[in-house]
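Hi everyone, thanks for coming.

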Amino acid sequence: MSSDQTSRTTTTERLSTKTVRALPASIATPAYDRSRIVQGIVHLGVGAFHRAHQAAYVDDCLAAGEADWGITGVSLRSTDTRDALTPQDGLYTLAIRSSGTEELQVIGSIGAMLVAPEDPGAVLAALIDPRTRIVTLTITEKAYLRAAGGGLDTAHPDIVHDLTNREMPKTAHGFLAEALARRRAAGVPPFTVLCCDNLPANGATLHRLLTEFAELRDARLGTEGDARLAKHIADAVAFPSSMVDRIVPATTDADRARIAVELGVVDAWPVMTEPFCQWVVEDNFPGGRPAWERFGVTMVDDVRPFEDMKLRLLNGSHSAIAYLGLLSGHATVDRAFADPAIRQFVDALWAEAIPTLPEDAGLDTSAYTAELAERFSNTALAHRTAQIANDGSQKLPQRIVASAIECLEAGTELVHLTLVVAAWIAACAARGKTLPAGHFTDPLDAALTELLSEQLPANETVTAVFDLAGFAGDHAERQTLIELVAVHLVHLRRDGPVLAFAALGIQSEQT
């Protein structure tokens with residue numbers, strides 16, 4: 001390492017509006033005057049994914065002169081992102097990594113950061129501001145607070161709180177409802193709500209959940225007729241659906257150190273990602289929107305075919321790689337996917353899931369899965385299987401269970417889909433044993449831990465897990481699905497993935 005590199009590594013100077021001007025010419029920086037940007041978007045849930053995806057697309061729009069679409073970022077829980085980015089004037093580095101290269105870009109589209117628990121009034125003020133015309137969300141599946149049947153979990157403590165503390169909300173539902181009510185009272189048109197989370201029909205799902213919340217609010221306030229907020233949300237607020245796709249592994253200290261060397265200044269929270277990026281959006285924005293299509297966003301009338309392909313082929317195989325990878329001792333996706341048994345399994349999983357996709361939507365599943373295989377093989381990302389394993393009870397219904405049910409209805413094979421569910425159960429049970437305690441988490445962890453500690457027979461375990469997580473609901477094929485999952489769980493309990501793979505005709509290197 002040269003003396004110049006050493007001095008750059010040990011610097012304590014931070015990335016900021018001042019220091020960004022002196023970065024190496026090889027690093028792309030915001031090509032616009034950030035002081036002239038209007039904050040037209042409020043984003044709820046400023047995590048790494050948002051900063052690698054929506055914020056990067058908006059950055060392109062700002063650079064093209066669309067100055068009305070800066071982002072005010074809101075953390076609904078943690079102060080971590082605000083604490084990292086505020087001293088940096090909202091700037092951060094996006095590191096686009098492939099197996100042999102890394103391209104660095106400084107993103108400037110986030111102009112302000114708020115933390116909801118610290119100052120809910122400031123968040124509401126940003127949402128009420130007439131200049132805010134779009135509210136985007138990446139709050140993860142569990143934060144939508146759905147009950148097992150898919151409706152709003154009206155007994156959740158945070159929902160109960162928000163119904164009685166309208167001026168100090170905790171949930172996205174509470175903030176959106178209160179802001180829309182205040183905008184309506186002030187004669188300000190509603191903002192468009194753009195969900196960017198992996199929910200089935202995410203726009204329609206959030207629309208339904210928020211309407212349910214508003215109905216409870218109306219009932220508590222005694223609001224009737226056209227004055228009801230629920231009617232306003234149902235009739236006058238746009239909730240376009242979207243599909244998002246980009247792999248964004250967690251940032252490590254080694255990543256921070258490497259980026260500091262390249263920048264010559266410290267970036268407290270750079271974001272790692274892959275070259276691939278996809279965003280498909282239903283084009284329904286009454287209040288206007290950025291010209292995202294100029295920068296690769298696909299604006300469509302119907303997102304569902306793209307969403308289903310992504311959920312069932314990318315997200316479904318990601319979950320499979322995560323749980324089977326953990327059970328096989330693989331810490332990252334690329335290492336798990338390099339395991340011949342897991343790779344063969346994923347190919348078979350895709351073969352089961354592809355027939356559940358619409359044939360008339362123009363989807364090129366062969367090209368898509370070939371691209372997925374290349375992405376999963378990216379050795380530069382080090383995407384941790386434990387990170388993907390989080391929140392399985394919320395993710396598996398749309399990633400795996402929906403496909404399995406359609407296979408049962410059509411009478412087609414589904415033995416690989418059901419192994420993914422069994423692998424999730426086995427991986428949950430392995431925490432604190434062959435896997436570290438707390439290696440990954442789930443909203444149902446307390447109940448899952450108690451249930452899995454009972455060592456019930458496989459069929460009883462699977463039935464209880466389905467009851468707990470609401471898998472398959474009251475579908476006529478639910479019992480068949482339980483029995484198929486239970487067969488795999490027997491194999492996993494007896495000899496881990498080796499026996500489970502062998503039962504599918506897949507030879508494991510561990511045998």
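Before we look at any packing, a word on angles: the axes here are lines fitted to C-alpha atoms, for helices over the stretch in contact, and angles run from 0 to 180 degrees between N-to-C directions. And please keep in mind that this is a predicted model.

Let's start with a helix pair. Helix 7 and helix 8 pack with their axes 10 Å apart, at an angle of about 70 degrees. Angles of 65 to 115 degrees count as roughly perpendicular, so that is what we call helix 7 relative to helix 8. On the helix 7 side, the contact residues include His 173, Leu 176 and Leu 180; on the helix 8 side, Leu 206, Phe 213 and Arg 217 are among them. The crossing of helix 7 past helix 8 is right-handed.

Now, which residues of helix 9 are buried? They are Leu 229, Ala 230, His 232 and Ile 233. These residues sit on the same side of helix 9, because they cover an arc of only 165 degrees around the axis. And our helix pair comes back here: helix 7 and helix 8 are among the elements covering those buried residues.

Strand 10 and strand 11 run parallel, joined by 3 bridges, and Val 281 stands opposite Met 299 in strand 11.

Note on methods
Residues numbered from 1 in each chain as written. Predicted model: local features only at pLDDT ≥ 70, side-chain atom pairs only at ≥ 80, totals over all residues. Heavy atoms only, no water. Buried < 20%, exposed > 50% of the residue type's maximum accessible area, 1.4 Å probe, protein only. Helix = DSSP H or I, 4+ residues; strand = E, 2+ residues; numbered from the N terminus. Arc of directions from axis to C-beta. Contact = heavy atoms within 4.5 Å. Pairing = 2+ DSSP bridges. Parallel < 35°, antiparallel > 145°, perpendicular 65-115°, else oblique. Left-handed = near helix turned anticlockwise from the far one by under 90°.
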